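Please walk through the structure below with attention to its metal sites and to its surface.

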Amino acid sequence: MEKITLSVIKADVGGYVGHSSVHPALLEKAKETLAGARSGLLVDYHVTHVGDDINLVMTHHQGTDNEEIHKLAWDTFLACTGEAKKLKLYGAGQDLLADAFSGNVKGMGPGVAEMEFVERPSEPIIIFMADKTEPGAWNLPLYKIFADPFNTIGLVIDPKAHAGFKFEVHDLIEHKKVTFSCPEELYDLLIFIGAPGRYCIKSIYSKTTGDIAATSSTQRLNLMAGRYVGKDDPVCIVRAQSGLPAVGEVLEPFAHPHLVAGWMRGSHHGPLMPCGVDHATPTRFDGPPRVIGLGFQLANGKLVGPQDFFADQAYDEARREANLIANYVRTLGPFEPHRLPLDEMEYTTMPDVMKKLAGRFEPA
Ligand code: F6R
Ligand code: MG
Ligand code: MG
């Protein structure tokens, strides 16, 4: 059976205005570049944005980690950077950390989520894309979707989902991975993924079929660059229905905005606000962090869609709740837990302040 690969590759190559959005000229350039790709390389593509990030959704038959596909994404971001420079957009080229492409965009700045699978008779997929947060932001919703029967009734009453799912978790600091079989190992899983700054759910597999059900981008741009270059603004692909969680079960966790790390200067906790693409433009305090969810039906690799799920009024209350949470946490100003702990902030003056005060510290 022929397999299809779905690659979602994203980068921030210049913000309009500040870090709030992507200028239409860049989205046009991205579409133009992908449209001009070598004939036969892509089956289909869709270009979108969330906040200041350009997201390239591509289907093809080249498999994951393919050099030609990654180079196409890199060249697309490079072309967009050219536009960004012309318009003097903010932070033009900021996520292209290397001077030249070297085989795979991983480790070079862009975020990547890819999966290869045999397309089912009907293949509903949902792609989540977020701005002003980090890959660990998916831990809580993925846990709810694939392990929490209060979210996903299919775990209880669908014979094809009842056996549960396997979770591959990555340690982003020590670069190790471990797989948990749930529901048996739920409590072991939770001790790790409850610390989303370090442990991230990379992929999820059905225990009934062995099929891949979800995968996320787990790059940590700030760790890669060794200096502040912005939060990682992650993406996540989820397959739905027929023994996997239903579309509505996949969307359900976003009905309540959870707190994620990111927001202003990548240094604050705030609510993850679900919104439609047209409202994916962080404003207040450079936020609140946003998530969009685009649904597609795959038809022999063609991306039929998108359905802009969070544009729906069913998420109005989540947006209201996010605004109320934002009001509350903002009252804390520079104090934790609104501001991130010292070792997780992406901006800090601490070393300089410490140096200045070095002579004034006495034994207490
Ligand atoms: C967060 C983000 C923004 C910037 C902030 C300051 O991920 O991108 O909140 O950190 O606008 O940006 P600079 O330092 O570029 O002025
Ligand atoms: Mg930016
Ligand atoms: Mg961004």
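Val353 counts as partly exposed, its relative accessibility being 31%, where partly exposed lies between buried (under 20% relative accessible area) and exposed (over 50%), computed with a 1.4 Å probe and protein chains only. The model is predicted, so that local features need pLDDT of at least 70 and side-chain atom pairs count only at pLDDT 80 or more, while totals for chains, interfaces and linings use all residues. Residues are numbered from 1 along each chain as its sequence is written, chains are lettered from A and ligands numbered from 1 in the order in which they are written, and side-chain values use heavy atoms, leaving out hydrogens and water.

Turning to the metals, the magnesium ion (ligand 2) is coordinated at 2.0 to 2.3 Å by Asp12 (OD), His19 (ND1) and Asp52 (OD); donors are N, O and S atoms within 2.8 Å of the metal (3.2 Å for Na, K and Ca), and sites may look incomplete because water is not among the atoms. Of these residues, Asp12 is buried at a relative accessible area of 2%, whereas His19 is partly exposed at 26%.

Asp52 also bridges to the magnesium ion (ligand 3), which lies 4.8 Å from the magnesium ion (ligand 2). The donors to the magnesium ion (ligand 3) are Asp52 (OD), Asp53 (OD), Asp131 (OD) and Asp233 (OD), at 2.0 to 2.4 Å, and their spacing along the chain is D-D-x77-D-x101-D. Asp131 and Asp233 are both buried.
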